[in-house]
Every structure is written in structure tokens, then in C-alpha cells.
Amino acid sequence: MVFFSSCRVSSPKLCGSVIFVTKKQQQCVITVANRCITSKVMREGLPPVDKPPPFPYKEKRYNFFRALFDPTTSRLDENSKLIVVEGPPAAGKGVLAKELADDLGMAYFPSPTVAENYINDYGYDVRQLDDQLPESCKSYDENDFLKDPMRLNGSKAARFQLSKLALRYKCYLEALAHILNTGQGVVMDRSPYSDLVYITAMAEVGIVSKNVYNYYHSVRNNALFALWRPHLVIYLDVPIAETKRKIEARNRPYEKDSKMATPEYLQSLVDSYKKDFLKDISTHAEVLVYDWTKPANTEIVVEDIERVNFDQYGVYDAKMKDWRCYDKWDWNNNRQVFTHSQHYLLAHLNVPPVRCPEIVISGTDNKILETVMEEAPGNKYAKGFNAEMGDKGILFKLS
């Protein structure tokens, strides 16, 4: 297998759709005719680009009348790209993604967590209500998963991973909305496309059943079609032994002694990354893979990104086809959908588990869950309409 390097290159070798970077080369000279991503350093001294300011899509609705005077393409430039950083646990994905976002002038979207989802809009942690809930409905976050992945015969872990898929799906929708409304590119730490490697590894080490594995893929296949795949995927390749060492070094609660940190689980994870995720995503996105045993200087990765020509593909090429629209109204319509119809797209994740009873919560338990959650501080009404939490002027609010 060919490994990628974090060093500069003199001429990247193209193999299919993946750029293989050889290790001992020191300098790169590539002439690119079309637009490529440029760093803030490369843009220094250039005259400012005349384009509209970012649209405040979280406060205002983008509708037909605004679209008449605010076409989506007016904000897009060579840096309006979606980049995803992938790799095994403790590889340094978040650090690299954040540094890339800063160097490229893009927004950084961290990987969402289930733990964050237990904090409501008023800062109340609903995990405090666990003692009022049946076992099947009690909270189960990342620490719980690491500590006891086999709780309730793995059904908690199965629901946990489906929740992670949903959270990454929603975060990805936010990234697409951000790009189309502001023109600013996004660098993400992981994506819903790579989430399958975790369920694959869990199935191979016996945490979840074949039923759960098949159901997960039915949900995934039913939902991912609605998204636009990323422009670029950066994969950080780290040997299993080094990954294990880094996990022990960062010393997170319950992680280093968890079943999720065993060589068998980590090997299954990496194998799925390379055989399933990278093979599939490379049919659409550009892929850069680095040997990240020792993290390299971020500037080297930035230089490699600047050499990737995203505009070299035609209308009939599979590469980048998600980001090719028929006309400005196709752009506008997709912008409206990704921004204001996220609840409809998230509904694609709701696939009835008729052949996967182990993840189903009984009606009795679910009724208790609904009652307890409705009575939690700040949960009775939408944010801004809860008088007991100090919200004012409720009678005069329209939304």
C-alpha cells in the first residue's frame, strides 16, 4: 500500500482520484490554469473583491423576493469550498482543521457530540433527570459509550451511533448553508459520509448485531443522497500502535482502557476508512492522504491544497458534480433548501426499524421519557417563550 507524506512534492502522482504524495521530494512547481483555493497569505496585497456581504441567514429568511436581488453565485469564489479532515481517534484532526480554517480564511466546524445535545437552549443539562427515567431512556454520551459499550446488549451503543450520524448530518447541513449564504468556505472535523466506519468497526468486534449494521446502512442510504459531497477530503494516516499511544497520552476519561481503544477495534476502523470511505468518496471529491505519524507543519498542507485544481472537470465528469447547478435559480433553490428546510432533510433519517427491534424503545418507556423531558426547565415551549426561564414580551412575539 502506498502511504502519503506530509512533505512537499515535486510532482504529485495521480492514481484514480487520489493524489499520492511521495516522501522524499522537497519542492513543487505545478502550473494551474483554473481557480484554486488560496490562503490568506496568497491574497495579501490583492485588491478586495467586490461582492455582497454575508447574508444573515440565521436571522432572516432567504425567499423568492430576496433571491431576485441576491443571487447565490454573487458571493461564491475560489475559496467557497467544503473541506473535511478525517482520520483515526487522536490523530489531530481537530487541530489541523482549525489551523487550516485560519490559514485559508474559512469557518471551522468541529465534530458535534452527543454530550452537547443534552444541554438545552437555556443551559440546563437534562442528564440530571436520569433518575426519573427507565434504563432504556437514560442518557448515553461519549463517556458512557467508552465506559460500557455493551450496555443493554449493545442497544444503547447502536442508538448512540445513530444519534452521531444525525448530529453530523445536521452539522453538514449547517456547513452547506454557511457556504451558500456567506461565500465563506468551511473546514470540518469529520462528516456524515465517514460515520459508517464506526458502525463497521462496532459490528466487527461484536458490539452491535448484523441487524443494527444493516439498519444503519438503510438510514444512511436514505439520507445522504440529499447532501452535496465535499470538495476535498484530507485523511491523516496513523499506524495503530501510534494511535494507541496518542490515546493513552491524551488520557481522556474511560478512553485508554475502553474496548474502543483495542488494536482490533482501531484496525477495523482504519480498514473501513481505507476500503469503504476513501474508495467511495474519491469518486466525487479530491483526496489528500498524509502520513501523520508525526504531525507536519500546517503550511505544507495549505500549499498542497492550493495546488489542487477543482475546476478541471467538465459537466459530464463525476468529480464535483454535486456542486454544478443548471443556472442561478438552481443555486438559489438549493440554498433555500439547505438553509430553511433542514427539518425536511433530517426526516430522511427516520427509517422505521421494522427489522431491527433491538434499537426500539417501548411505548411505555417512551411515554415516560416524553413526560419527563416536557417538564424539564426550558423544554415546555420553544426558546424565547418560556416565562419561567425569564423570557419577556412573549405575547408580542411572532416567531
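Modeller: D237 and K274 form a salt bridge, with the closest N and O atoms 3.0 Å apart; the term stands for a side-chain nitrogen of Lys or Arg within 4 Å of a carboxyl oxygen of Asp or Glu. D237 belongs to strand β6 (residues 232-237) and K274 to helix α10 (residues 263-281), so the bridge ties together parts 37 residues apart in sequence. Helices (H or I, at least four residues) and strands (E, at least two) are DSSP runs, numbered from the N terminus. D237 counts as buried, at 6% relative accessibility, whereas K274 is partly exposed, at 22%. Buried means under 20% relative accessible area, exposed over 50%, and partly exposed in between (1.4 Å probe, protein chains only).

Some notes on the source: this is a predicted model, in which local features need pLDDT of at least 70 and side-chain atom pairs count only at pLDDT 80 or more, while totals for chains, interfaces and linings use all residues. Residues are numbered from 1 along each chain as its sequence is written, and side-chain values use heavy atoms, with hydrogens and water left out.

By the salt-bridge rule the count comes to 19. Side chains of opposite charge can pair when their charged atoms come close.

Another of these bridges joins the side chains of R335 and D70, at 3.2 Å from N to O. R335 is in helix α12 (residues 328-340) and D70 in the loop between α2 and β3, so this pair links distant parts of the chain, 265 residues apart. R335 is buried, at 0% relative accessibility, and D70 is buried as well, with a relative accessible area of 9%. The two residues also belong to a network of salt bridges that links D70, R75 and R335.

K51 and D77 meet through their side chains in a salt bridge of 2.7 Å, N to O. K51 lies in the loop between α1 (40-43) and α2 (64-69), and D77 in the loop between α2 and β3 (82-86); the pair links distant parts of the chain, 26 residues apart. K51 counts as partly exposed, at 29% relative accessibility.
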